[in-house]
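Please walk through this fold with the sequence and the model side by side. Start with the overall picture, then move to the details.

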Amino acid sequence: MEGPNMVYHKRLLNKKSTGENIRKLILTSNFSYEDIAEFLQLNSPRVIYEWVNGEKMPSLENFINLALIFNVKLESIIEFL
């Protein structure tokens, strides 16, 4: 879709950098991976390890809740290529 003045460049999420941001937030908090899994009502903390290793990305709902847990803006967690 093109408009008269539209300039669009697709942005791709950087899984590694986003995962590193999540890891740093957890390390600087008083929470364990298990605590975060419990807050997010996850079955186990394994998925959090996958996030911090850049293997998977949190859902939008989990991204928003991570921002709330750590009292940061969502934009400070997500990194783009």
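What follows goes from the whole chain to its helices, its core and its salt bridges.

This is a predicted model, where local features need pLDDT of at least 70, side-chain atom pairs count only at pLDDT 80 or more, and totals for chains, interfaces and linings use all residues. Residues are numbered from 1 along each chain as its sequence is written, and side-chain values use heavy atoms, with hydrogens and water left out.

Begin with the chain as a whole. The protein chain has 4 helices and 0 strands. Its pattern along the sequence is α-α-α-α. Helices (H or I, at least four residues) and strands (E, at least two) are DSSP runs, numbered from the N terminus. The C-alpha trace spans about 50 × 25 × 20 Å along its principal axes. The radius of gyration is 15 Å, while a compact globule of 81 residues would have one near 12 Å. That radius is taken over C-alpha atoms, and the globule rule is 2.2 Å times the number of residues to the power 0.38.

Next, the surface and the interior. The protein chain exposes about 6000 Å², and carbon and sulfur atoms supply 52% of it. Accessible areas come from the Shrake-Rupley method with a 1.4 Å probe; for residues, only the protein chains shown count as cover. Of the 81 residues, 32% are buried. Buried means under 20% relative accessible area, exposed means over 50%, and partly exposed lies in between (1.4 Å probe, protein chains only). Contacts (heavy atoms within 4.5 Å) also reach along the chain. Among those between residues at least 6 apart in sequence, 59% join residues at least 24 apart.

Now look inside. The largest nonpolar core has 16 residues, and Ile22, Ile26, Ile36, Ile48, Leu66 and Ile77 touch the most other members. The elements that give it two or more residues are α1, α2, α3 and α4. Of these, α4 gives the most, with 4 residues. A nonpolar core is a set of buried Ala, Val, Leu, Ile, Met, Phe, Trp, Tyr and Cys residues joined through side-chain atoms within 4.5 Å. Take isoleucine 26 as one of its members. Setting aside residues up to four places away in sequence, isoleucine 26 touches Phe31, Ser32, Tyr33, Ile36, Ile48 and Phe70.

Which residues of α4 are buried? Across residues 60-70, they are Asn62, Phe63, Leu66, Ala67 and Phe70. They lie on the same side of α4 because they cover an arc of only 145° around the axis. The arc is that of the directions from the helix axis to the C-beta atoms. These buried residues pack against α1 (15-28), α2 (33-39) and α3 (46-52). Leu60, Glu61 and Leu68 are exposed on the other side of α4. After the helix comes asparagine 71, whose phi is positive, near 55°.

Turn to the charged side chains. How many salt bridges does the whole structure hold? A search finds 3. The criterion is a side-chain nitrogen of Lys or Arg within 4 Å of a carboxyl oxygen of Asp or Glu.

One joins arginine 23 to glutamate 20, with the closest N and O atoms 2.5 Å apart. Both residues lie in α1, 3 residues apart, about one turn of the helix. An α-helix has 3.6 residues a turn, so residues three or four places apart point the same way. Arginine 23 is partly exposed, at 27% relative accessible area. Glutamate 20 is also partly exposed, at 26%.

Another joins arginine 46 and glutamate 50, at 3.8 Å from N to O. Both sit in α3, 4 residues apart, about one turn of the helix. Arginine 46 is exposed, at 57%, whereas glutamate 50 is buried, at 12%. Glutamate 50 also pairs with lysine 56, with the closest N and O atoms 3.4 Å apart. Lysine 56 is partly exposed, at 43%. Shared partners join Arg46, Glu50 and Lys56 into one network.

Finish with asparagine 14, in the segment before α1. Asparagine 14 is buried, at 16% relative accessibility. Leaving aside neighbours within four places in sequence, asparagine 14 is in contact with Glu79, Phe80 and Leu81.
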